[in-house]
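Thanks for taking a look at this with me.

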Amino acid sequence: MAQSEPVSDPAALAVWPGSAYPLGATYDGAGTNFSVFSEIADAVELCLIAKDGVETRVPIAEVDGFVWHCYLPTVGPGTHYGWRIHGPFEPENGHRCDPSKLLLDPYGKAFDGEFDGDPSLTTYGLDSLHHTMSTVVINPFFDWQSDRAPKRPYNETVIYEAHVKGLTATHPDIPEELRGTYAGLAHPVVIEHLKSLGITAIELMPVHQFLQDQMLIDQGLRNYWGYNTFGFLAPHNEYASARKPGATVSEFKAMVRAFHAEGIEVILDVVYNHTAEGNHNGPTLAFRGIDNAAYYRLVDGDLAMYMDYTGTGNSLNARHPHTLQLIMDSLRYWILEMHVDGFRFDLASTLARELHDVDRLSAFFDLVQQDPVVSQVKLIAEPWDVGEGGYQVGNFPGLWTEWNGKYRDTVRDFWRGEPATLGEFASRLTGSSDLYEATGRRPGASINFVIAHDGFTLRDLVSYNEKHNEANGEDNNDGESHNRSWNCGVEGPTDDPEILDLRGRQSRNILATLLLSQGTPMIAHGDEIGRTQQGNNNVYCQDSELSWMDWSLVETNADLLEFTRNVITLRRKHPVFRRRRFFEGKPIRSGDQTRDIAWLTPAGEEMTLEDWDSGFGKALAVYLNGEGIPEPNYRGERVVDDSFILCFNAHSDELQFEAPDSVYGSHWEVVLDTSLPTGLSDATLAADEAITVPARSLLVLRRTAP
């Protein structure tokens, strides 16, 4: 039975017992097994929805371990369905069952329809059948051909954070019907852009099925970012070019296959910390009506209310075994069935909350540690939430990497000229060993970023002192107010050539610092071509040209694009910029005074404690010894590279930097100069000679033979 005609005689519908596992709807080529967990239910009905909206209810007689299940031998892909749960409606006791609600399957792999904001979604006793989405049975079979996961190590990874629609919505070479879709993202022109940059992994903002907030719709806005998910096993249907629910899954798989064919990994930004059902006044879509107390963290002493560590109204109850199972089953599904290569966990500290405190050894992390599938992909934490004690940078377990918020803040402060940040800057530049080494992690555990989706773009970071979020309709009260940004002298757009030149240098300084730091770099889509959001640092609700990629900037800012390519190429060619282990600062051979790393003053002398504590704190150099790399390559061979000196000048005036004495090398060439539009230079100098480093710029020197 595909979704076409209603069942004229429900009694004649063949219903077999089926099995409790796997949860959700599973088509096996002949029929479909249905199962759903609810510990609180008194009775459960499976509802089959025909094309004309007529509903056939199938009472579920089989229940094992609170999992209700049946097998329908005549039901296959394309069938629309939902659940009705009979049980107590006692909010004061944490229970919110309401059989008048057609509920989505928490394990649904595709969804169809839309929520129309009808009162039935939030009011007890009103039937929501024609006002909510339905879950759709999918065909799981797909020809993956010769697909293989790239499995690129962190020290060879360059991440590109992107939005499925935002990246492709205006690209002139993508067919209009494919713009903003998974197929558009996999179009050869997009993949070629990423490959030409040197990108090795694309990190997609939420693609799990999410809800369009009625409040935003009423204001003529939309939930653009998608951090309002409810379908943890389903790709968001609005990003499919073929608006057929089953085709959404196949299109997503084809996108992953296309990226893998070019050696690019696919990482998903996942939101397991809350759902789209919101607080106690929110809609009943799935979890709330199936087993509210199992799926959500409720307030002790007031079970009608929800704990909110996320600022979205609720927090998923990662302490409950079935909620944990849902998260783990979702992760395994995206790895095994959808072939993705890793995950970035939104507000990951929420998942670690066993009681109220963040616990690094919580049940969720224990499960990930021992899981033979999930433990083998890239696991990236956003190591904070909005609850007390939620800022946990550096405190995640050994398998995990983390968005390094301290790296972002330090690099922003250094280049805008904040004083006395040299020690912190040096630590962030070399992989943040103070944060990660104690847990046995390597520099790759630091996901270095200066720009992400949440906040200013790179161009706006150097163009605005203040946020300009008026378009969001919240009187500019939303979004972060402390951005560590600097407009270089004028707020917003300007024709002043000196300010434009300074902004260009600052953009290049930040990109070069990011891409030449130890750790795993992440750049945000469009920063390589100077994308702007006109000072809006919170475009979560702006599904428009304000937030989309402006591809005309490829020509307008061609130099910045070429600069970014040049720096990524420099990183890729030279392992000294992407070491697998932390620097030790010791001589590399007995009796040899040449260290694997040395910090130098502009005069070419080694930094002293007084230099580190200097109130000036706006200039230093670092020597990276290409012969001091201790770790072998994957074949066990010794890694030897060129040696480099990086000269940082965040001062408002040019400074003279002297090459250190000949123990470090006698001749040097400039391989990168951020004062130049593409960064390329042919300048040279010898030991004890001086070179001028322009105001607010970075020079990279490579040791050469005499």
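1. Glu605, Glu658, Asp661, Asp688 and Glu689 together make up a negative surface patch (residues with over 30% relative accessible area and no salt bridge, like charges joined within 9 Å). This is a predicted model, where local features need pLDDT of at least 70, side-chain atom pairs count only at pLDDT 80 or more, and totals for chains, interfaces and linings use all residues. Residues are numbered from 1 along each chain as its sequence is written, and side-chain values use heavy atoms, leaving out hydrogens and water.

2. One member of that patch, Glu658, lies in strand S27, residues 655-658 (strands are DSSP runs of E, at least two residues; helices are runs of H or I, at least four). Glu658 has a relative accessible area of 39%, so it is partly exposed (buried means under 20%, exposed over 50%, partly exposed in between, with a 1.4 Å probe and protein chains only).

3. Next, please look at Glu528, in the loop between strand S23 (520-524) and helix H14 (553-556). Glu528 is buried but has no salt bridge, and the nearest side chain of opposite charge, Arg531, is 7.6 Å away (a salt bridge is a side-chain nitrogen of Lys or Arg within 4 Å of a carboxyl oxygen of Asp or Glu).

4. Which partners does the Glu528 side chain have in polar contacts? The Tyr160 side chain makes one of 2.7 Å, and the His193 side chain makes one of 2.7 Å (a pair of N or O atoms within 3.5 Å, one able to donate a hydrogen and the other to accept it).

5. Finally, Gly665 sits in the loop between S27 and strand S28 (667-673). Gly665 is buried because its relative accessibility is 7%. Gly665 and Arg702 are 37 residues apart in sequence, with 9.5 Å from C-alpha to C-alpha.

How values were computed. Patch = residues over 30% accessible without salt bridge, like charges linked within 9 Å, V, L, I, M, F, W, Y side chains within 5 Å. Areas by Shrake-Rupley, 256 points an atom, 1.4 Å probe, with all protein chains shown as cover. Lys, Arg positive; Asp, Glu negative; His and termini not counted. Charge placed at Lys NZ, Arg CZ, Asp CG, Glu CD.
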